[in-house]
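Please open the structure in your viewer and keep the selection panel at hand.

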Amino acid sequence: MHPAQSVALAVGAVPLLAVVLRRPKGSAWWWLVAAFGVSFVADVAGWLGFAGLVSQVYPVAQAGLFALVLAPASVAVPVIGLTIAAAGASVTWREAAGLDFLLHAVAWGSTAALAWRYLLPGALRTALLVGFGGGLVAWTGFVLGPGWFWWSAYQTTRALAAGWFVAAVWQAQPKEVA
């Protein structure tokens, strides 16, 4: 594994470390960190040689978790359904160009849209907008022109999102110790 890939893999564990150390109030933080953790698990699975499988699964799991935390059920359920439909199309017509892109666009685009709609301006909203909105732009660049530039741009959005998530966790009230 290239050293840059090792760093990118390690960035995925940063949100979990922040929540474990800070222990903010509310179960939503654990669900949010689980959603961020889906990327880390997908990276590890990809590193182990299961990239094809995880690329069809992790966007659905991640977008679903974010939708359930960020939006009311009346919005989250249709978003999850749309993401599952995009994944189904992607798996069913795997050889058709663009369907894997469709899945990522729906999953990451919906996460950014829900963050914009349901979160107040602040570190958490910024983390999701940069990580998933900006990440989608960088990932699209990588799909259209693979190479270190776009891969680095995508990894930069992930690192910035992790940093803003840590800031959001640190701004949250910690648990009171009894």
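What follows is a walk through the cores and then the cavity.

This is a predicted model, in which local features need pLDDT of at least 70, side-chain atom pairs count only at pLDDT 80 or more, and totals for chains, interfaces and linings use all residues. Residues are numbered from 1 along each chain as its sequence is written, and side-chain values use heavy atoms, with hydrogens and water left out.

Select W29, F66, L70, W108, L124, L128 and F165, which touch the most other members of the largest nonpolar core, a set of 39 residues (buried Ala, Val, Leu, Ile, Met, Phe, Trp, Tyr and Cys joined through side-chain atoms within 4.5 Å; buried means under 20% relative accessible area with a 1.4 Å probe, protein chains only). At least two residues of this core come from each of α2 (14-22), α3 (28-70), α4 (73-92), α5 (99-118), α6 (123-144) and α7 (148-171), helices being DSSP runs of H or I with at least four residues, numbered from the N terminus. The largest share, 15 residues, is supplied by α3.

Next, centre on F165: beyond its neighbours within four places in sequence, F165 is in contact (heavy atoms within 4.5 Å) with P15, V19, W29, L32, V33, F36, L124 and A127. Then select V60, A86, L103 and V106, which are among the five residues of a second, separate core.

Finally, select F36, S39, Q62, F132 and R158, which lie nearest the centre of the largest cavity among its 14 lining residues (on a 1 Å grid over the protein atoms alone, points where a 1.4 Å probe fits but cannot get out, with lining residues having an atom within 4 Å of a point). Two or more lining residues come from each of α3, α6 and α7, and the lining divides into nine nonpolar, four polar and one charged.

Conventions:
Buried means under 20% relative accessible area, exposed over 50%, partly exposed in between (1.4 Å probe, protein chains only). On a 1 Å grid over the protein atoms alone, a cavity is a set of points where a 1.4 Å probe fits but cannot get out, and a pocket is an open set with protein on both sides within 12 Å along at least five of seven lines; lining residues have an atom within 4 Å of a point. Ala, Val, Leu, Ile, Met, Phe, Trp, Tyr, Cys and Pro count as nonpolar, Asp, Glu, Lys and Arg as charged, and the others, Gly among them, as polar.
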